[in-house]
Amino acid sequence: MARACCLTWLHMLFFRGTLQPNSYSVLRVVYAPKATGTFSCDSFSLSTAGGNKLLLTCQGTAAGPRLQLSSRVFAFGNVRAGQVPAPSKVLYLENCSDVPLTFEFLVEDSGVFRLTKSKGVLAPRCMTHTAVCFNGTAT
């Protein structure tokens, strides 16, 4: 029998059976949160025909993907308008989590900055890079 102490995404795969003296069985508890940052808590009541009652409490906080950038600022300095090739800097993106990470930079088509890779999916614990290009034009 399960009793929830708050809204949760925990569940236990129940079983019925008989345990022999000095033996054990494995109960599988699954935590599958639907949104990052949520806290879940559930209590499961285990009882025997002999009257032994135990309460198992499980709790967790859902963690989402975590992105780390190699730099947060790029200083291109003085650049001649229309310079070819356009000066660029490399930006490394690292997924520091155990789940896939989807990223997308919103870049204006006619803007002065361009990225060679503006969106994608990073596998868990992986890294990618993009070039940030400065396309200054004379006004």
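Let me begin with a term: a strand here is a DSSP run of E covering at least two residues, and strands are numbered from the N terminus. By that criterion Leu 101 belongs to strand β8, which spans residues 101-104. Please keep in mind throughout that what we are looking at is a predicted model.

I will start with the chain as a whole. Of its 139 residues, 22% count as buried, and the chain exposes about 10500 Å², of which carbon and sulfur atoms supply 55%. If we take the contacts between residues at least 6 apart in sequence, 52% of them join residues at least 24 apart.

Now to the sheet. Four strands form an open sheet in the order β6-β7-β11-β9, and their pairing is antiparallel. The edges are taken by β6, residues 67-69, and β9, residues 113-115, each of which has a single partner strand, so that one side of each is left without a neighbour in the sheet. From one strand to the next, the twist averages 25°.

Going into the pairings, β6 and β7, the latter being residues 88-95, are joined in the antiparallel sense over 3 bridges. Within this pairing Leu 69 has Leu 93 of β7 as its bridge partner, while Leu 67 stands opposite Asn 95. On to the next pair: β7 and β11 run antiparallel and are joined by 7 bridges, and here Leu 93 stands opposite Thr 128 of β11.

Let me come back to Leu 101. Is this residue buried or exposed? Leu 101 is buried, because its relative accessible area is 5%, and the cut-off for that term is under 20%. Leaving aside residues up to four places away in sequence, Leu 101 touches Pro 65, Arg 66, Leu 67, Asn 95, Gly 120, Val 121 and Leu 122. As for Val 121, it sits 20 residues from Leu 101 in sequence, yet the two are 5.5 Å apart in space, C-alpha to C-alpha.

Finally, the surface. Val 90, Tyr 92 and Met 127 make up a nonpolar patch there, with about 280 Å² of accessible area together. Met 127 lies in strand β11, which covers residues 127-134, and β11 is the strand that 7 bridges join to β7.

Note on methods. Residues are numbered from 1 along each chain as its sequence is written. This is a predicted model: local features need pLDDT of at least 70, side-chain atom pairs count only at pLDDT 80 or more; totals for chains, interfaces and linings use all residues. Side-chain values use heavy atoms; hydrogens and water are left out. Patches are made of residues with over 30% relative accessible area and no salt bridge: like charges are joined within 9 Å, nonpolar side chains (Val, Leu, Ile, Met, Phe, Trp, Tyr) within 5 Å. Accessible areas come from the Shrake-Rupley method with a 1.4 Å probe; for residues, only the protein chains shown count as cover. A salt bridge is a side-chain nitrogen of Lys or Arg within 4 Å of a carboxyl oxygen of Asp or Glu. Two strands pair if DSSP finds at least two bridges between them. Axes are lines fitted to C-alpha atoms, for helices over the stretch in contact, and angles run from 0 to 180 degrees between N-to-C directions. Buried means under 20% relative accessible area, exposed over 50%, partly exposed in between (1.4 Å probe, protein chains only). Contact means heavy atoms within 4.5 Å.
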